[in-house]
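Q: I would like to learn how to read the features of a model such as this one. Could we take them one at a time, beginning with a single residue?

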Amino acid sequence: DERLHALDDMMGGVLEIRREDILKMDIPPPSFISRPEDLWSEEEKKTFEDYEKKVKELNEDKEDYRQFLRSEWKKLEDSIKETTQNFDESVCKLSEKKVKSEMVIHQEELKIVNLIYALLLDEELDTREAGLHKFLTKKKKEKVTLYPVFLRCGHVDESFLPHPQSLEHGFIKEFADIPVDLLDELLQLYKHRPESPWTDTLLDTANPYVKGSPENYQDALSLLMKAMDELDSPEHMPSGLDQSVWERFCLARRNKMESEELVKWKALALTEMQAFLRRRVDENEKMKSELENIFRELTWLKEEKMKLQQNLTIQFLLKQGQVELESTEVPDYSDAILINRSVVEELNCTLAAQGEKKITAMVEYKDFSKGIIQLEWEHKKMKMQIQDLTEKARDIVILPISKDCQLFLTVQNYDTHIAQHLAGMEQSLGVMDKLHKKNVKNHQKKVRELKKGIRLKERENYELSLQLKEMLISVSERMHIFEAADTRDISEKITKQRYQEILKQKYLRNFIREQEKQLAILQSEAE
């Protein structure tokens with residue numbers, strides 16, 4: 001094919017020049033390059049320069065294309081490594097997920113087996129407990145308790161029953177206004193008792209509840225009252241007794257008979273109840289032995305159930321090769337208690353909160369104590385200022401005023417008065433000079449003494465300054481110890497002592513300054 005042949009010859013078989021074709025390209029050298037350079041013409045030199053430029057540009061393009069290809073190659077290598085690494089990671093994650101899922105499945109199966117075992121034990125204990133409860137209900141139904149007996153018959157308290165002697169004494173007191181012979185006759189009638197056949201009828205019945213029932217008591221009491229009606233008839237009334245007194249006597253005798261009948265009925269019921277109680281106590285002792293065995297078995301079952309409820313089987317996940325023991329002996333976890341991690345974390349949080357509260361309280365206490373110390377210092381400062389002001393006021397009051405000042409303040413024509421006294425002053429100048437010389441000598445002596453005192457005070461001040469430096473160092477050390485060890489009481493005492501010493505030093509310095517001022521004033525006056 002002529003077209004394809006021409007394309008291969010002219011353009012290398014492609015219509016567009018590709019970038020990778022640059023590496024295959026070569027610029028042909030000129031024909032005169034074989035000759036020496038001296039024989040070249042100007043045009044040949046220019047063509048050679050153009051040739052060198054084209055070769056250089058081609059080499060640069062080739063180098064750029066090589067760098068581009070290298071960068072692309074590195075990118076492809078990195079992408080291949082990343083894809084392989086991602087694939088390996090995904091495979092590892094899937095394998096780990098598979099192992100974990102199988103582990104969880106086996107754990108759940110083990111939990112299910114443990115739960116089934118616990119349920120079977122619980123069912124067995126429940127069935128045994130139900131059987132024991134049924135047996136216990138049967139025994140309770142068979143057993144007849146003594147509580148209905150006491151409810152029907154009632155409890156007898158003999159302290160509330162009336163005593164016959166107390167009734168006779170009450171009768172004598174009640175009928176004390178009657179003559180003695182009638183009273184004796186009434187007392188015999190009061191003691192007389194009619195015959196009542198109710199005890200014989202009650203003894204025939206075998207049931208103790210029937211004998212001591214309230215219905216029988218009411219029947220016997222009605223029979224007794226009928227018999228008392230016959231005794232209360234006026235035929236039996238003694239001669240010479242008033243009708244109202246006889247009615248009152250019949251009423252008292254009826255009350256006495258009712259109380260005696262009540263006492264008899266209660267005593268009879270009590271004896272029957274005691275005999276019935278003895279029989280039931282023997283039966284109860286037999287039943288108690290059986291019930292104790294049942295209760296023991298029930299308590300054992302309850303303890304077993306509590307053990308099953310409390311002594312739970314819990315699975316722990318322990319990584320293989322991660323568990324290390326110091327010794328070969330396995331520790332005893334019989335009295336161990338499992339606590340949720342949240343409980344420990346809450347306790348730690350509460351402890352941290354309490355610690356922060358304590359720190360804030362300590363800081364507040366420290367600031368408050370600092371404020372108190374500062375207020376005490378200001379109070380002492382104000383006291384010292386008051387003392388200084390009082391001393392100044394006293395000095396002003398005691399300040400000596402010369403006669404010239406007094407005359408200047410009191411006399412109106414001060415100049416004429418001075419002119420009159422000048423003569424006298426000239427005469428007294430000699431005396432004044434002598435006195436002045438004496439005063440100067442005295443003042444010089446005082447100045448020397450004060451200078452000696454100043455030197456001594458300066459020495460003391462130097463020693464005190466050295467002590468002050470040591471004290472400040474010890475104070476700083478004590479403050480650090482106080483902040484670290486919370487020994488506040490001791491440190492406060494030490495700081496107060498140091499503070500007092502510092503105040504003393506400050507006061508001595510102020511005092512020395514005042515003395516220096518006074519010395520300067522005295523020196524000026526001496527001059």
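A: This is a predicted model. Begin with R498, which has a relative accessibility of 24% and so counts as partly exposed. The reasoning needs two cut-offs: buried is under 20%, and exposed is over 50%.

Q: With which residue does R498 form a salt bridge?

A: The general idea is that side chains of opposite charge can pair when their charged atoms come close. In this model R498 pairs with E501, and the closest N and O atoms are 3.7 Å apart. E501 has a relative accessible area of 28%, so this residue too is classed as partly exposed.

Q: Where do R498 and E501 lie, and how many residues apart are they?

A: Both belong to helix α13, which covers residues 488–526, and their separation is 3 residues, about one turn of the helix.

Q: What is the salt bridge of K457 and E460 like, and where do the two residues lie?

A: Their side chains meet at 4.0 Å, N to O. The two residues are in helix α12 (residues 414–485), 3 residues apart, again about one turn of the helix. K457 has a relative accessible area of 26% and is partly exposed; E460, at 41%, is partly exposed as well.

Q: How many salt bridges does the model have?

A: The count is 8 salt bridges. One of them joins E129 and K305, with 3.4 Å from N to O. E129 is part of helix α2 (residues 42–142) and K305 is part of helix α9 (residues 243–310), so this pair ties together parts that are 176 residues apart in sequence.

Q: Is E129 buried or exposed?

A: Apply the cut-off of under 20% for buried. E129 is at 13% relative accessibility, so this residue counts as buried.

Q: What kinds of elements does the chain have, and how many?

A: The chain has 13 helices and 0 strands. Of the 527 residues in the chain, 18% are buried.

Q: Which residues carry the annotation "coiled-coil region"?

A: An annotation comes from a record and can be set beside the model. The unreviewed UniProt entry assigns "coiled-coil region" to residues 41–86 and 284–311. In the model, the span 284–311 is 96% helix and 0% strand, and its end C-alpha atoms lie 38 Å apart.

Q: How much space lies in the largest pocket, and which residues are closest to its centre?

A: The largest pocket holds about 710 Å³ of space. Its lining has 21 residues, and those closest to the centre are M384, D388, E391, N510 and E514.

Q: Which helices supply the lining of the largest pocket, and what is its make-up?

A: Helices α10 (341–398) and α13 each supply at least two residues. The most come from α10, which gives 11 residues. By class, the lining has 6 nonpolar, 5 polar and 10 charged residues.

Q: Why is the largest pocket said to lie between two domains?

A: Look at which domains give residues to the lining. Domain 3 (340–399) and domain 5 (490–526) both do, so the largest pocket lies between them.

Terms used:
Residues numbered from 1 in each chain as written. Predicted model: local features only at pLDDT ≥ 70, side-chain atom pairs only at ≥ 80, totals over all residues. Heavy atoms only, no water. UniProt positions renumbered as here; feature names shortened; annotations may be inferred. Helix = DSSP H or I, 4+ residues; strand = E, 2+ residues; numbered from the N terminus. Buried < 20%, exposed > 50% of the residue type's maximum accessible area, 1.4 Å probe, protein only. 1 Å grid on protein atoms, 1.4 Å probe; cavity = no way out; pocket = protein on both sides within 12 Å on 5 of 7 lines; lining within 4 Å. Points joined across faces, edges and corners; volume = space filled by probe spheres on them. Nonpolar A, V, L, I, M, F, W, Y, C, P; charged D, E, K, R; others polar. Domains from an automatic or database assignment.
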